[in-house]
Amino acid sequence: MSGMRLTFWGAVRTVTGSMHELEVDGRRYLLDCGLYQGRRQEARERNLKLPFEARAVDAVVLSHAHIDHSGNLPSLVRNGFEGPIYATHATVDLCQAMLRDSAHIHEKDAEYLNKRARRRRAVLGEEATGEVEPLYTLEEVERTLPMFSAVGYRAPFELGEGLSCEAFDAGHLLGSTALVFHRRCNQGELRLAFSGDVGRPELPILRDPQPLPPVEYLILESTYGDRLHKQEEMVLAKLERIVNRTAARGGKLIVPAFAVGRTQQLVLLLHQLAESRRIADIPVFVDSPLAVDVTEIYRRHTECFDEETNRYLWDGADPFGFRRLRYVRDVAESKALNDLRGPFVVISASGMCEVGRILHHLKNTIGDPRNTVLITGFQAQNTLGRKLVDRLPEVPIFGEPMRLRAEVETLNELSAHADQAGLLRWLKPMAHALKRVFLVHGETLQAQALAARIREVYGVETVIPGRGEGFELS
């Protein structure tokens with residue numbers, strides 16, 4: 001029968017830049033179009049220069065709104081893409097906010113770097129060089145947003161003749177999906193699943209991941225393919241200790257956190273700790289215009305909430321608000337936090353410390369041993385977040401070396417990614433029908449560990465593709 005061809009362009013042997021090309025009967029579809037994050041120059045090259053002809057792509061199907069899955073859509077459009085972008089209703093709403101915010105950050109970072117370069121040239125008498133251009137602009141985002149087409153969970157939609165797609169709740173982020181593609185023709189049928197990012201059962205806010213029907217091929221994330229998470233009860237206790245230890249020193253607790261998903265989880269946990277008086281009575285600031293917008297979007301999409309979070313709403317309470325919590329949108333108010341004496345907590349984006357307001361907070365706090373930097377999620381190789389986790393004695397911020405004297409703590413237990421055991425459980429209902437599993441969205445060691453377990457437990461052929469590698473599915 002006429003089959004499918006898969007080519008892997010991003011999030012292969014790394015956790016960033018998710019992008020996979022599916023070709024069926026001469027039509028091309030992108031599964032995600034994520035921003036690649038890492039070394040500044042390498043990331044810029046990868047994001048600017050797409051490895052395929054954008055005009056040849058017929059449609060994009062998004063698994064969810066995280067920037068490493070959706071953030072390079074404006075570059076795709078600028079390069080000539082004109083098709084629809086399919087995503088759930090919540091993902092469409094999140095992308096409206098996130099892509100605008102991403103463009104704003106790219107524009108502001110370019111402005112900051114150019115201003116610094118001009119000052120340097122004036123002091124050192126260097127010759128002028130070309131100005132840094134933003135990766136994309138707000139104008140390019142506004143051209144992208146009308147191309148979104150909202151779809152519902154468990155509501156199959158047609159992508160092309162004989163090819164449909166169905167979205168299942170992945171339990172990873174508001175609106176996140178695992179996708180099942182169903183190819184039908186006279187010779188038979190073929191099914192391919194794309195996990196997106198698989199969530200964890202019993203995480204705060206969201207419903208648990210839904211099981212998928214049997215499929216022949218599976219693209220599976222492997223972010224935590226080599227480890228097991230600790231239980232959530234331990235997360236509250238650990239967060240309590242970190243807040244109280246920092247407060248006792250009179251320090252500032254700086255928390256880089258993804259504005260979408262992780263910030264809302266942290267706010268809910270701090271709400272619980274404050275409500276039960278388990279942490280010091282100190283201010284908590286969410287310093288991210290995007291997080292403010294996203295929290296409003298969360299409030300609109302209660303259909304994605306689990307029963308525990310909905311209970312707040314039934315009781316007339318706000319799960320994302322409490323007495324000492326303050327959301328910061330204004331730039332001047334954000335800058336004023338740098339002059340405020342501790343103790344207090346600042347949650348700010350980006351989660352991997354690559355762009356945004358978090359860089360200014362880190363620049364002003366990591367030199368003081370009274371302060372704590374709390375890393376709450378996976379940090380890709382070569383990001384500033386990874387350098388902080390590795391506790392390098394000196395780290396670059398805005399290109400300048402800074403001494404790291406602050407305490408660095410991690411709270412990986414909050415991860416919205418399933419661990420090895422969770423991925424194996426999620427895969428189980430599909431295992432008897434599977435011909436092959438492709439592992440993506442994981443660094444090499446994590447993917448190798450998960451591949452070995454899948455072969456051992458289910459006897460399914462499992463491969464770890466390289467960038468640009470293609471496979472025929474039949």
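**Helices across the sheet**

Reply: Helix H14, residues 444-458, lies across S11, S20 and S21 and runs at about 160° to S20. The structure is a predicted model, in which local features need pLDDT of at least 70 and side-chain atom pairs count only at pLDDT 80 or more, while totals for chains, interfaces and linings use all residues. Residues are numbered from 1 along each chain as its sequence is written, and side-chain values use heavy atoms, with hydrogens and water left out.

Helices (H or I, at least four residues) and strands (E, at least two) are DSSP runs, numbered from the N terminus. Contact means heavy atoms within 4.5 Å. Axes are lines fitted to C-alpha atoms, for helices over the stretch in contact, and angles run from 0 to 180 degrees between N-to-C directions. Helix H13 (residues 420-431) lies across strand S9 (177-185), S11 and S20, and its direction is at about 170° to S11.

The strands named here belong to an open sheet of seven strands with mixed pairing, in the order S7-S8-S9-S10-S11-S20-S21. Strand S7 (157-160) and strand S21 (461-463) each have a single partner strand and stand at the edges, so one side of each is left without a neighbour in the sheet. On average, neighbouring strands of this sheet are turned by 20° against each other, direction ignored. Two strands pair if DSSP finds at least two bridges between them. Strand S11 (residues 217-221) pairs with strand S20 (residues 436-440) in the parallel sense over five bridges; Tyr 217 has Arg 436 in S20 as its bridge partner.

Turning to the backbone, most residues other than glycine have a negative phi, and most peptide bonds are trans. Arg 154, in the loop between strand S6 (148-151) and S7, has a positive phi of about 55° although it is not a glycine. With a relative accessibility of 49%, Arg 154 counts as partly exposed; buried means under 20% relative accessible area, exposed over 50%, and partly exposed in between (1.4 Å probe, protein chains only). Arg 277 also has a positive phi, near 60°. This residue lies in the loop between helix H7 (262-275) and strand S13 (284-287), and its relative accessible area of 78% makes Arg 277 exposed.

Cis peptide bonds complete the account. One runs from Gly 342 to Pro 343, with omega near 5°, and Pro 343 is in the loop between helix H10 (331-336) and strand S15 (344-348). Another joins Ala 349 and Ser 350, with omega about 10°; Ser 350 lies in the loop between S15 and helix H11 (358-365).
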